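Subject: Structure handover

Hello,

Here is the structure I promised you. Please open it next to this email.

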Amino acid sequence: MHLTDLWNQIFDFTDYGQLLVLLRNSVIAGAVLGLLGGLIGVFVMSRDMAFAVHGISELSFAGASAGLLLGVGVVQGSIIGSLVAALLIGVLGSRARDRNSVTAVLMPFGLGLGILCLALYPGRSANKFGLLTGQIVAIDDPQIGWLIAIAVVVLIGLAIVWRPLTFASIDADVAAARGVPVRALSIVFMLLLGLTVAVSVQIVGALLVLSILVTPAAAALKLSSSPLVVPLLSVAFGVTSMVGGILLALGGSVPISPYVTTISFAIYVVCRIIAGARRRRGVSGRRMPVAAVPREEVAA
Amino acid sequence: MIDLQSREGAGGAPALELRGATLRFDRRTLWNGLDLEVKPGEFIAVLGANGSGKTSLLRVILGRQKLSAGEVRVGGEPVTAGNPRIGYVPQQKLADEGTPLRARDLVGLGIDGRTWGFLPSRAKRAKVDRLLADVGATAYADVPVATLSGGEQQRLRIGQALASDPDLLLADEPLASLDLANQRAVSELIDRHRRQRGFGVLFVTHDVNPVLGMVDRVLYLAGGRFKVGTPDEVLRSEVLSDLYGSPVDVLRARGRIIVVGTPDGGHAPHDEHHDAGHQEVCDHDPEAETQAVAL
């Protein structure tokens, strides 16, 4: 009996149709975020920036809290916080080691600042918690307008820089020799990443941004290395986690994030298992493996 | 495929020309008054102690570092950043697991890696297939780069560098951390293509032995000075002693060259197998060498 109550708190599909209409905006926002997160996640992985993403999201949280306190608006505040953090990390941390320490210094500061702003904010506390752990409160029309506008900017930006950014992320040295503007691209990428994080903080919360900006791409990389298949899979995983999470969360009284993170984690686990099974079966993609490989290794 | 005609059409300009090139950092002079002409198809090894400015020389040619004095021309024209007439092969470094690229994609970046956008052109696939075949990488064309060996990755980088059909190939320690068989395979690949395609090669290395039979000339940098000539002219005790200003012995054993007694203390952390006193030492097992030759 007790367990049934718990179950009903987590999953409740009564009046589902009406709820779905009410929360249409949230579903759209979730799908958009899944798309963005899946795409930008590929670069977060190849540039080894997962920790930086976490740092940016904490400063985005600080910005959102300040926006709430000062009445500037949560979305606007989180965008400002994200962009400032992304630029700082991008400019001060061009090398991985520097980047990690800059991130580690910024992150607790951002979190503290956010907590200060929330403590001073006199309004409802449900909103406060939502910024950290995500919220399923109906996203209103101006908000969804913002989110979609940001998403369009990020998508167009990524479409333009995609290939040179890939080159610069994989091999900055050779890319620079080839005339790719590596430094400028790194700043552009940080700005796009900052915008994406700002959108994510609104929906999954600052603490769980990684589940949508890193996990889908990490899962996709377990299954493929093709520069076409990886982003497609990553987007599919991201959208599935987000939309699936929101649809499951609709009826329950629990925040959206546990559903999203659980789906996203489950996808990752499955992908790892598939990758492991493939490795054991010896699927390497090499043609004529017997003739081509050992010849070099015999002499070695 | 071989674009020799257009190269001649360019007035037979040398692949690379350095005139009185000088590079100074603060008060330290890396090299002074460096004159060098690399003819099309010529293979030049750049030798010298670590910190003698070998890599800086490549950065100058790539347009990423300005000369303090003198001039440098590639294919008869002043250097520009991102010059497509230059191919560049860096040190082998293993790609990490998070790299969303297969072998063919790494080579493909040499074709359109600097082009904005994300859609590949139609002609790209056929061109990549040709390049993969040229560097003997067809068998692992669709294998993730991160799972390839160091030697395989270096072949791909050469394929990538050949994509723009360069006049000049710059290689910065391309054999570092490769085993002997792969050192040979990679240097032979470069040697074969410079003969076929007629591009000049500037090959920076701390160990001349893997390319000793291939190079036309060597450029030896030491103590702000330099010496250019055939290996027999430059790699001699009296020449290097004069260059360093202190006694240096050049030993020849079993067709290999060993330089002993170079006074500079600087050495990079990556080449563990030689110390300050042994500049061009290569202490590989001679038996392994014979084995490699047999292949």
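Below are the notes, starting with the interface.

This is a predicted model, in which local features need pLDDT of at least 70, side-chain atom pairs count only at pLDDT 80 or more, and totals for chains, interfaces and linings use all residues. Residues are numbered from 1 along each chain as its sequence is written, while chains are lettered from A and ligands numbered from 1 in the order in which they are written.

**Interface**

On chain A, 34 residues are in contact with 34 residues of chain B. Contact here means C-beta atoms, placed from the backbone, within 7 Å. Four elements of chain A give two or more residues each to this side: α3 (24-46), α8 (141-170), α9 (172-177) and α16 (294-299). The largest share, eight residues, comes from α8(A). By type, the side of chain A that touches chain B has 21 nonpolar, six polar and seven charged residues. Nonpolar covers Ala, Val, Leu, Ile, Met, Phe, Trp, Tyr, Cys and Pro; charged covers Asp, Glu, Lys and Arg; the others, Gly among them, are polar.

**Chain B**

Chain B has nine helices and twelve strands. These are DSSP runs numbered from the N terminus: helices are H or I, at least four residues, and strands are E, at least two. Of the 295 residues in chain B, 45% are buried. Buried means 20 or more other C-beta atoms within 10 Å of the residue's own, again placed from the backbone.

Look at the sheet with the order β2-β1-β4-β5 in chain B. It is open, has four strands and pairs antiparallel. Strands pair if DSSP finds at least two bridges between them. β2 (28-38) and β5 (77-78) of chain B are the edge strands, each with a single partner, so one side of each has no neighbour in the sheet. Five bridges join β1 (16-25) to β4 (69-74) in chain B. B:Leu16 stands opposite B:Val74 in β4(B).

Helix α2 (54-61) of chain B has these buried residues: B:Lys54, B:Leu57, B:Leu58, B:Val60 and B:Ile61. They line one face of α2(B), because they fall within an arc of 155° seen down its axis. The arc is taken over the directions from the helix axis to the C-beta atoms. B:Gly63 follows α2(B), with a positive phi near 80°.

**A glycine in chain A**

A:Gly67 sits in helix α4 (50-70) of chain A. A:Gly67 is buried, with 21 other C-beta atoms within 10 Å. Leaving out residues up to four places away in sequence, A:Gly67 touches several residues, including A:Val72, A:Gln76 and A:Ser78.

Best wishes

Conventions
Contact = placed C-beta atoms within 7 Å. Buried ≥ 20, exposed ≤ 12 C-beta atoms within 10 Å, placed from the backbone.
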